[in-house]
Amino acid sequence: MAKIDKSTIKDFNSTRISKKFLCNAPFCAMRFSISGLVSPCCHSFGLNDCYPNRNIRQIWDGSIFKEYRITIRNGQLPNSCTYCESRLKSKEFSLIPIRQFDDFKVRRIGRNNLQTLQLAISNRCNLKCPMCNEMFSSQYDQSDTFDSNNIYDEAFINELYEYIPHLNELICLGGEPFLINEYYDIWDKIISVNPSCRISVVTNGTVLNDRIKRLLELGNFSINLSFETIVKETYEKIRVNANYDTVIPNMEYFAKVLRQQGKTLQIPACALKSNSKEIPDLVRFCNEKEYHLTILTTYRDIDVAMWSLSSDQLKELKDYYIQQTFTTHDWNSNDNVSNFKNFISTVDRWISDAEKKENFQNIFDLKTDKVTDLKNRLFSNMEKCLKETSLSEDDFGKKREYVFGKWKRIMDSLPEYFESNHLYKILLQVSPYIIVEYMLRCNSQTMKKTLEEGFYYGFAH
Ligand code: SF4
Ligand code: SF4
């Protein structure tokens, strides 16, 4: 259990309307990952159940979700909620994922209380953005990955139907959701039996056709169009394979339809090195167009994400941001500017993280006296997950050989000081399911970068 002091919880609760529980997610939400890992949200890395080993009902009523609920009922967060824990401790209350679940009412647990469902069930995508990887985009080289089957077949969709009449929200992630066929079946079902259910789609904005236009008219869609900059050249370097001149009219179309329905187009933007200077102009653009902007503090990938700049570069950016001025004219533009100001607080945290990295030899526990013990614990946890998620003994044997062989090759390519107490202590805070999922799905280069991110920054970004 994470230890969060009472005064921090009190300060946080003073910013919320719903404060009965520190987080509502385990009482009302479920997220399915491409490999079948199931958790209350995309930030809870530690306690995961697994589909199709257990079906939706067994997972929702099962011991893993119960453990989340019990810990939260006791006024604390489970260890697997380090993402929210670190934001609570640094008082970044406005960015905390817990807020996404504040509007849901916690009722008696049962099928009817599954109110928000997040699906990331396929990586089918037409783009190859540098902050992405094989987990999320099929455009990435899958040659050095384990050949996994698609587990989200007709049986999954049929089982899901039982929950659809009670859902308030379905969140569809990708890949590019408008290229994922399974989503179309689910949307059709929602529109026919529960048309008021909000369908949130996170799209890259490159796909718009008559079928999508028709769905937008019929369903209660919320569109989150990922867009980082209004500079065409930078945009096309970030959204590799996308065409700026196609996306802008698509964006305007989505915004127009949503506006007719009294809704606002959402613009999630990743904070990267390449667009860091252009974020203020993106705020102005969204204000003028009446789009709602969220600046995502994405941690992938170490070569392109903004947090991996040096402390001096981050300080320079912070000074640049502080000098920016904006004009606001309504609730939306005020909120965009306020999100930008909150983002400056995040840059502050990154500066202190970068200083740690620059001084890591003095700060991290680079001793090796506990390595064997820590590594054995990690490997045994990973083996347990592999066994649990394998379809047969033979499948388990192949995956085991693949994962640990790859692990050795990756570690051999990293500096010697990685084989330290520090790395394994960090890894033991991450769900072994997630580590195994990445090892199977991502190629060696991606895994190497992921371990570097974890080593220098932890996994709580
Ligand atoms: S990571 Fe945050 S939002 Fe997710 S279940 Fe834990 S506390 Fe709730
Ligand atoms: S559009 Fe999204 S899923 Fe596709 S490559 Fe880019 S970040 Fe990844």
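How many residues of domain 1 are in contact with domain 2, and how many of domain 2 with domain 1? The contact joins 28 residues of domain 1 to 25 residues of domain 2. This is a predicted model.

**Domains**

The protein chain splits into domain 1, residues 6-361, and domain 2, residues 363-457. Their centres, taken over C-alpha atoms, are 26 Å apart. On the side of domain 1 that touches domain 2, helix H13 (331-358) and helix H14 (360-363) each supply at least two residues. H13 gives the largest share of that side, three residues.

**Ligand 1**

Ligand 1 is surrounded by 13 residues. The closest are Cys 23, Cys 41, His 43, Cys 81 and Cys 84. Helix H2 (25-28) and helix H5 (82-89) each provide at least two residues of this shell. The shell has no charged residues.

**Helices H15 and H16**

Two packed helices are described by the angle between their axes and the distance between the axes. Helix H15 (residues 371-389) packs on helix H16 (residues 393-413) at about 145°, and the axes lie 9 Å apart. The crossing of H15 past H16 is right-handed. From H15 come Met 382, Glu 383, Leu 386 and Lys 387. They meet Phe 396, Lys 399, Arg 400 and Val 403 in H16.

**Residue classes**

The table sets out the residue classes at these sites.

| Shell around ligand 1 | 11 residues | two residues | no residues |

Notes: Residues numbered from 1 in each chain as written. Chains lettered and ligands numbered in written order. Predicted model: local features only at pLDDT ≥ 70, side-chain atom pairs only at ≥ 80, totals over all residues. Domains from an automatic or database assignment. Contact = placed C-beta atoms within 7 Å. Helix = DSSP H or I, 4+ residues; strand = E, 2+ residues; numbered from the N terminus. Near = placed C-beta within 6 Å. Nonpolar A, V, L, I, M, F, W, Y, C, P; charged D, E, K, R; others polar. Axes fitted to C-alpha atoms, helices over the stretch in contact; angles between N-to-C directions. Left-handed = near helix turned anticlockwise from the far one by under 90°.
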